[in-house]
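Hi,

Here is the structure I promised to pass on. Please have a look, and then read on for my notes.

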Amino acid sequence: MRIILNLIWLVLSGFWLAVGYAVAGIVCCVLIVTIPWGLASFRIANYALWPFGRTVVDRPSAGGASLLGNVVWVVVAGIWLAIGHVVTGLALCVTIIGIPLGIANFKMVPVSLMPLGKEIVPAP
């Protein structure tokens, strides 16, 4: 079932989300100072491409620098990404087929708000 959901997700929204996060990651890596956010964008792009069967957990070795980086991220881009995921998730939940995809969009809100100090792992 996860494969079917991932394929539907990939066709309907996952590809474009992944492209958007990848472009943001490239821009962040070009602007040398923002490389940590670029790497986090690549991680989110990978997750946005194939979200079913994986989950986001806190990385235990993350420290104060990731907290400070997340505060900057929320102010600059995180809140807008989270709003975009919520609006898209609500739009997907209008149809019965889109409900699991909407839930996957809601699952991406925490990582889009605070990407530093997170790790994507296989779901149990």
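I call two residues in contact when they have heavy atoms within 4.5 Å. This is a predicted model, where local features need pLDDT of at least 70 and side-chain atom pairs count only at pLDDT 80 or more, while totals for chains, interfaces and linings use all residues. Residues are numbered from 1 along each chain as its sequence is written, and side-chain values use heavy atoms, with hydrogens and water left out.

Let me start with Ser 41, which sits in helix α2; helices (H or I, at least four residues) and strands (E, at least two) are DSSP runs, numbered from the N terminus. Ser 41 is buried at 1% relative accessibility, where buried means under 20% relative accessible area, exposed over 50% and partly exposed in between (1.4 Å probe, protein chains only). Leaving out neighbours within four places in sequence, Ser 41 contacts Tyr 21, Ala 24, Gly 25 and Trp 73.

Phe 52 is in the loop between α2 (35-49) and β1, and is also buried, at 13%. Beyond residues up to four places away in sequence, Phe 52 touches several residues, including Arg 2, Trp 9 and Pro 100.

How many salt bridges are there? The count is one, taking a side-chain nitrogen of Lys or Arg within 4 Å of a carboxyl oxygen of Asp or Glu. Asp 58 and Lys 118 form it, at 2.5 Å from N to O. The pair joins strand β1 (residues 54-58) to strand β2 (residues 118-122), 60 residues apart. Asp 58 is exposed at 55%, whereas Lys 118 is buried at 18%.

Best wishes
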